[in-house]
Amino acid sequence: MKRAIYPGSFDPITFGHLDIIKRASKLCDELIVGVLNNSQKNPLFSTPERVSIIKELTENLDNVKVECFDGLLVDFAKKKDAQVIIRGLRAVTDFENEIQLAQSNKVQYPELETLFMTTSLQYSYLSSTVAKEFASYGGDISPFVPAEIIPLIEAKLKNKEN
Ligand code: PNS
């Protein structure tokens with residue numbers, strides 16, 4: 001059983017993330033989308049909200065599970081008996097951070113492999129931060145995130161203003 005983890009903040013999930021989830025799910029028996037419960041980052045969506053959004057958006061993918069994790073990714077991978085970490089690479093600017101993450105995780109847990117997937121061309125500019133920035137100025141975020149979550153993002157940003 002090849003079990004992989006696709007970890008991230010997913011605040012919010014974008015078409016770029018969903019594209020990686022779909023493609024990665026074809027390469028393993030089970031893919032766990034690991035949502036980081038990150039108390040330091042002050043996310044727009046709570047961890048349970050992010051988990052529930054991703055569950056809904058991936059319900060058609062039979063071998064995809066969505067779970068949150070606290071603490072170190074290597075500990076989560078050990079707990080889940082996962083052998084592979086999947087990360088998306090958009091541009092060379094991602095590389096520095098990603099290679100450091102992959103190599104430090106490898107030092108901590110040598111059996112764990114990190115596989116990088118190149119982001120599909122049409123999403124190579126896209127990030128959760130870009131989606132939030134456009135939404136915060138009332139921009140059209142329909143090219144960035146699924147239609148179902150646009151009202152949720154708008155409501156969160158409105159709440160933040162008040
Ligand atoms: O979507 P993101 O925010 O780029 O994802 C980053 C993530 C969640 C993969 C990374 O921050 C992570 O693995 N955090 C868990 C804590 C950890 O293991 N840190 C050690 C590696 S530096």
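Two strands are taken as paired if DSSP finds at least two bridges between them. Helices (H or I, at least four residues) and strands (E, at least two) are DSSP runs, numbered from the N terminus. The model is predicted: local features need pLDDT of at least 70, side-chain atom pairs count only at pLDDT 80 or more, and totals for chains, interfaces and linings use all residues. Residues are numbered from 1 along each chain as its sequence is written, and side-chain values use heavy atoms, with hydrogens and water left out.

**View A. The pairing of β2 with β3.** Strand β2 (residues 30–36) runs parallel to β3, and six bridges join the two. Glycine 34 of this view has glutamate 67 in β3 opposite.

**View B. The open sheet.** Five parallel-paired strands follow the order β3-β2-β1-β4-β5. Because β3 (64–69) and β5 (113–118) are at the edges with a single partner strand each, one side of each lacks a neighbour in the sheet.

**View C. Helices on the sheet.** Helix α2 (residues 47–57) lies across β2 and β3, at about 150 degrees to β2. Helix α4 (residues 92–108) touches β4 (84–89) and β5, and makes about 170 degrees with the direction of β4. Axes are lines fitted to C-alpha atoms, for helices over the stretch in contact (heavy atoms within 4.5 Å); angles run from 0 to 180 degrees between N-to-C directions.

**View D. Surroundings of leucine 31.** Residues up to four places away in sequence aside, leucine 31 touches Ala4, Ile5, Tyr6, Ile21, Ala24, Ser25, Asn63, Val64, Lys65 and Ile86.
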